Amino acid sequence: MNIKQLDHPNRLTDNKKTAYRKNIRSKSLNLSGSLPGTGSVSEKQALLRLREMEELNASLEILIEQRTSKLTEIVSTNGKFLSIIAHDLRSPFSSIIGILELLKLSLKEFNKDEVAEYVDIVYNSANNTLILLDNLLVWAVSQNKEKNFKPVKINLYELLREEIENLKTLANQKQIRLSHFIKPDLNVTADLQMVKTILRNLISNAIKYTNINGEITINASELKKYVEVTVEDNGIGISAENQRKLFQIDTFHSTPGTHDEKGTGLGLLLCKEFVELHGGNIRIESEAGNGSRFAFTLPHYI
């Protein structure tokens, strides 16, 4: 019987042996044998895909851990925030109601000076509460920044004059002089409501921490692409330690004013958030006992 024998390496010539080894190596590298259930996918491709899936799974686990940590931080911060706000809203309302009740029951027993003193207390409590509520409203609206951020041309001189007029009564309670040195034709490109919030908070804060017969000055200087606005007072100042806490959302730092005015620290946090949303920055220069100077930048209208 003529049976064709299979080639064996020992029976091959040197040239055939070399070709045989190359063929074996090629098959070994290609790993062309299919795995069960993988169809046409090779073993090498399957291992590669498995490795990619493991790496992807590890990345997803890290991302989930980061998102969970961030969400936990937000929930914790918001819970603390709401707790502080609830307390700071309840306190002034209790004061207002208590004084009005006292006036209602004993109005005839008080002289004009005593009545005026109580009315001042009620006014300050109501005004501070209104500022807090305004800040809460603006903060809630600002959470959807893409929808609610609407930069327009703003005349800084007119806007500042309006805000000073709104806060004049509060300043007069402590006989504080408000003055500004803004050019009438100075314009910025900014969101109107956000700039109002920034100015109102910085000026009302300056009033809060300035003693009777003090002075607050607002100025502005033109830079290349920005306008820098400064609010400066000759009040009690802020220590270096407390300065580091002012713009931290997890601390809600606030100290009583010169007439024991209360606050939450929300106003300065809003100022920082709104200024940075415009691409600007905010900073403070102060030391205990020597007043404070807040400076922030907004895009120059060109």
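User: What does the secondary structure of the protein chain come to?

Analyst: Helices are DSSP runs of H or I with at least four residues, strands are runs of E with at least two, and both are numbered from the N terminus. Here that gives eight helices and seven strands. This is a predicted model, so local features need pLDDT of at least 70 and side-chain atom pairs pLDDT 80 or more, while totals for chains, interfaces and linings use all residues. Residues are numbered from 1 along each chain as its sequence is written, and side-chain values use heavy atoms, without hydrogens and water.

User: How many Å should helix α6 span?

Analyst: The expected span of a helix is 1.5 Å times one less than its number of residues. For the 17 residues of α6 (residues 192-208) that is 24 Å, and the end C-alpha atoms are 24 Å apart, which agrees.

User: How many residues of α6 are buried?

Analyst: Buried means under 20% relative accessible area, exposed over 50%, and partly exposed in between, using a 1.4 Å probe and protein chains only. In α6, 15 of the 17 residues are buried, so the helix is largely enclosed by the rest of the structure. Across the protein chain, buried residues make up 35% of the 302 residues.

User: Is Q175 buried or exposed?

Analyst: Q175 has 51% relative accessibility, so it counts as exposed. You'll find Q175 in the loop between α5 (156-172) and β2 (177-181).

User: Which residues is Q175 in contact with, leaving aside neighbours within four places in sequence?

Analyst: Contact means heavy atoms within 4.5 Å. By that test, Q175 touches I212, N213 and G214.
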